[in-house]
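Trainee: I am new to this structure and would like to learn how to read it.
Mentor: Then let us look at it together, and take one feature at a time.

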Amino acid sequence: MEKFDVVIIGAGAAGLFCAAQAGQAGLNVLVLDNGKKAGRKILMSGGGRCNFTNLYTEPTAYLSANPHFCKSALARYSQWDFLDLVQRHHIPYHEKTLGQLFCDDSAQQIIDLLLKECEIGQVTIRLRNEVTHLEKTEQGFVITASEKKVSAHSLVVASGGLSMPGLGASPLGYRIAEQFGLNILPTRAALVPFTLHKPLLERLQILSGVAVPAVVSAKDATVFRENILFTHRGLSGPAILQISSYWQPGEYVSINLLPDTDLACFLDKEQRSHPNQSLKNTLAKLLPKRLIECFQSLGQLPEVPLKQLNSTQQKALIATLQCWQVQPNGTEGYRTAEVTLGGVDTHELSSKTMEAHKVKGLYFIGEVVDVTGWLGGYNFQWAWSSAWACAQALATSEPGIK
């Protein structure tokens, strides 16, 4: 039976980065993954260009039952540290909105970076190796994958969450945590489009492909200002994906379609200047005409010339356009979700090392842990930071270090 210092389950962002760091610290590291290729989710991220971190990363951008848990790892390995690594690999990148950093060319460059770092650390990576059995021994762990057994002093679970099962996502990490008596918090899809109830969806489907800037808020007063996108299933776009992490089934979300407009002032001015102009053509100066027509078909905007628009109607249309209340039917689920909310309870882990309190030598990093970031590179940064924290702990605790 082959022996390693560390076995890492999962060849995604967190797993590969942890492997590279541990390997470069002198440990004999094996990475196991059930997929055909390392970093499959990385390749799909950011429209194929990988939004690898965010300049404004801070703990407040993360959801967790224990909001303080992520602070230590994020502080010890920050966005600036990973950006320095990207620059050392001469990967050209650019900033989009709100501090989001993307590769200029391809997400493959981040995978190549991780694989190169693993190569430097002499890491062994075995793909198409599905873990089927684990057991704890006095010396560490015995892992069975593809009918072969390997042993390791330490085991790192970086198997991700349930999002995007088409890319190999599975509940393996949660099953391992449960096997060793760790608490798992309920999971659900996050950073995911909304679906709508059939009557509203049928009316809005004509808008599929239309995007507008908006401010979207949830019941808990969380607010995001970015584009929303009408789709044939419901609502998507950055603002919708962001608020989906905070939305609870049955709740409404509030959408301001004209966040930068004093609509009452605009309508009063237009009414004086163009009293015979239709309300539809007036509002089409601010919003796509198809959207206005859709609201009129829903009976939420009157079909009148401006001179016939009374104060009651004006107040109602302002409420419609700047405080549109939408009750989603649900979400598109894990199939299209970018991340998974919930997971391994952070109270079970050390925030400094990611090691389980109950099981010496067992670590959990990345998405499998109950730490979920906003859209825009925050989840990748959590992968890098939690992986780094784990690797530092492995380097100081492993008996096999050179």
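Mentor: The protein chain is divided into domain 1 (2–188 + 340–396) and domain 2 (194–331), with bounds that come from an automatic or database domain assignment. This is a predicted model, in which local features need pLDDT of at least 70 and side-chain atom pairs count only at pLDDT 80 or more, while totals for chains, interfaces and linings use all residues. Residues are numbered from 1 along each chain as its sequence is written, and side-chain values use heavy atoms, with hydrogens and water left out.

Trainee: What area is buried between domain 1 and domain 2?

Mentor: Buried area is the accessible area (1.4 Å probe) that two parts lose on being put together, summed over both. Between domain 1 and domain 2 this comes to about 730 Å², with 51% given by carbon and sulfur atoms. On the side of domain 1, Arg 188, Trp 374 and Leu 375 lose the most area to domain 2, and together they make up 62% of what that side buries.

Trainee: How many salt bridges are counted between domain 1 and domain 2?

Mentor: A salt bridge needs a side-chain nitrogen of Lys or Arg within 4 Å of a carboxyl oxygen of Asp or Glu, and the count between the two domains is 0.

Trainee: What is the phi of Cys 50, and is this residue buried or exposed?

Mentor: Most residues other than glycine have a negative phi. Cys 50, although not a glycine, has a positive phi of about 55°, and this residue is buried (under 20% relative accessible area), at 0%.

Conventions:
Buried < 20%, exposed > 50% of the residue type's maximum accessible area, 1.4 Å probe, protein only.
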